[in-house]
Structures are given as C-alpha cells and as structure tokens.
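Please look over the sequence and the structure shown below before reading on.

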Amino acid sequence: MLADLNQKKVAWGDPPQEDVWQTLEKFDFALDRAELWLKAMGTLMSRQIELGVESIEEVAHAMDVHDSDAAKVIELFESIAALQKQKGLGNPARQDIVMVLEVPHVLEISDLDARLEAAATSLKGFTTLLHDDTAMLNMGMDSKPSLEDKLYMVHELHRFGGDVEKAMDLMKNVADIQKLHEDLGHPTRMQVIEALAANRFDFRTAVRKLREAYRHIKDAQLKEVYRENALKDKQRKEEEA
C-alpha cells in the first residue's frame, strides 16, 4: 500500500512521507480516497504560486466540499486563477470568486468555458453593485454585505442574465417592501421575492397580496383568541354554577 503511494506521489509534487501517513490515517487507510486526496493536494501545492493557492487549509476545504474529487478540485483552482487574471471584472476578492464558482447555476454547467463565462458575468455585475454605495444602501445592504447578502445578489443577477439595472431594481423593490414592516407582517426577503415573482414583479400588486395574506393570518389569530376566551368564559361559568 505505502510503496504504491510512494511511487505515484512523485507525479503529484512528491508530498512528504509524513503527509502520506496522515492522509492514510485520515481516511482509515482507504487507499482510493487517500490517493485522490494526495493527488489533488500534491498537485495544487506544487503549483501554489502559479494558481495563487493561499494555504493547505484552502485546498483541504475544497477537497471536503468536492468529496475528495481531485479532478474537480484542481479544475476549481485553475478556474479561480483564470478569473483572477481576467480584466474587466472589477477586481473581485478571491473568496467571492470561489463563492460564485460554487453557486448551483454555475457549478452545474459541465462545459468549462461556458462555466467560466457564466461566473465572469455574475462577478462583473456583483462587483458593480458592491462598489456602488448608493445602490447597496437602496437594496437594504451596507458596504460589507454578509455571505447571505452576496449570494442573494448573485442569484438575482442570474435571474436577469447579468443585467445589473434589472437586478438592482428588483432588490430595491424588495428592500422598499420590507420597510413597510408591521403593515405586511414583517415578511422575509424570500417571501417578498416570491410575491413579486408570482405577480410579474409588479410592486403594487405584490404589496397588496402580501397585505391580504397578512390580514388573513391576523383574522385567523383573532378568531383563535376569541375561541379560547369564549371557552375560558364557559368553563368559568360552569365552575360558578
């Protein structure tokens, strides 16, 4: 087992013997999984400067995400490097490039060139919005959005084929509707988006539907309170009789 790995590891950047043992132990001496891990880890770390690999931990995380598929992990880091070198994308942060490459609508594209093109389109729109403080404020976010906010932005850009203006208008409408707060029952971002999508993204119709839905909930709650109070009153009278 060990002799076989020692022969193969030379082609993967020749990782230290200690790494081989640690990998075998990590996978309970399952040779196939250990081989996949060492291949990706060794190959990527030997190309660390070329691909801009930041750390062993970054590679280990990618291996976990992609179930130790060496080919997918190597392709991921090659894609990251390609997008970092591409001009006109607004200098996206490395973690944002990884985020976009791993969203479902990009990840599921089998053709590498098409996948990179889709990722580039999303990144260009994403950085355009991210660097526009007024737009971010209008969309209900600050200049340091959370991962949830970033994924939301990427998803809505995808909905409109990378059209920044259309995506921004939708997200502004979502933020404006959420500002109505108690009048609509504090709807979540997803509830607002669903209401807009179900009504051809018409602002007024979506607001009306959300208000009606909340009114139905309030009516049901009031009826339940009335029923409970009536029951308590009945029990009290029976006890006094």
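## Opening question

Is Arg94 buried or exposed? Arg94 is buried, with a relative accessible area of 8%, where buried means under 20% relative accessible area, exposed over 50% and partly exposed in between (1.4 Å probe, protein chains only).

## Basis of the report

The model is predicted: local features need pLDDT of at least 70 and side-chain atom pairs count only at pLDDT 80 or more, while totals for chains, interfaces and linings use all residues. Residues are numbered from 1 along each chain as its sequence is written, and side-chain values use heavy atoms, with hydrogens and water left out.

## Overall form

The chain contains 14 helices and zero strands. Helices (H or I, at least four residues) and strands (E, at least two) are DSSP runs, numbered from the N terminus.

The radius of gyration of the chain is 27 Å, whereas a compact globule of 241 residues would have one near 18 Å. This radius is taken over C-alpha atoms, and the globule rule is 2.2 Å times the number of residues to the power 0.38. Along the principal axes, the C-alpha atoms fill a box of roughly 90 × 55 × 30 Å. Of the 241 residues, 37% count as buried. Among contacts (heavy atoms within 4.5 Å) with a separation of 6 or more, 52% join residues 24 or more positions apart.

## Arg94 and helix α7

Arg94 belongs to helix α7, which spans residues 94-101. Apart from neighbours within four places in sequence, Arg94 is in contact with Leu51, Gly52, Val53, Glu54, Glu58, Phe77, Ile80 and Gln84.

Seven of the eight residues of α7 are buried, so the helix is largely enclosed by the rest of the structure. These buried residues are Arg94, Asp96, Ile97, Val98, Met99, Val100 and Leu101. They pack against α4 (48-51), α5 (56-65), α6 (70-85), α8 (104-107), α9 and α11 (147-159).

## Packing of α3 on α5

Helix α3 (residues 31-46) packs with α5 at an angle of about 140°, their axes being 10 Å apart. Axes are lines fitted to C-alpha atoms, for helices over the stretch in contact, and angles run from 0 to 180 degrees between N-to-C directions. On the α3 side the contact is made by Leu36, Trp37, Ala40, Met41, Leu44 and Met45, and on the α5 side by Ile56, Val59, Ala60, Met63 and Asp64. By class, this contact has 10 nonpolar, no polar and one charged residues. Ala, Val, Leu, Ile, Met, Phe, Trp, Tyr, Cys and Pro count as nonpolar, Asp, Glu, Lys and Arg as charged, and the others, Gly among them, as polar.

## Packing of α9 on α12

The axes of helix α9 (residues 112-130) and helix α12 (residues 164-178) come within 10 Å and cross at roughly 55°. That angle makes α9 oblique to α12; angles under 35 degrees count as roughly parallel, over 145 as roughly antiparallel, 65 to 115 as roughly perpendicular and the rest as oblique. Gly125, Thr128 and Leu129 of α9 meet Val164, Met168 and Met171 of α12 in this contact. By class, the contact has four nonpolar, two polar and no charged residues.

## Ala135 in helix α10

Ala135 lies in helix α10 (residues 133-138) and counts as buried at 2% relative accessibility. Ala135 and Lys172 are 37 residues apart in sequence, and their C-alpha atoms are 8.1 Å apart in space.
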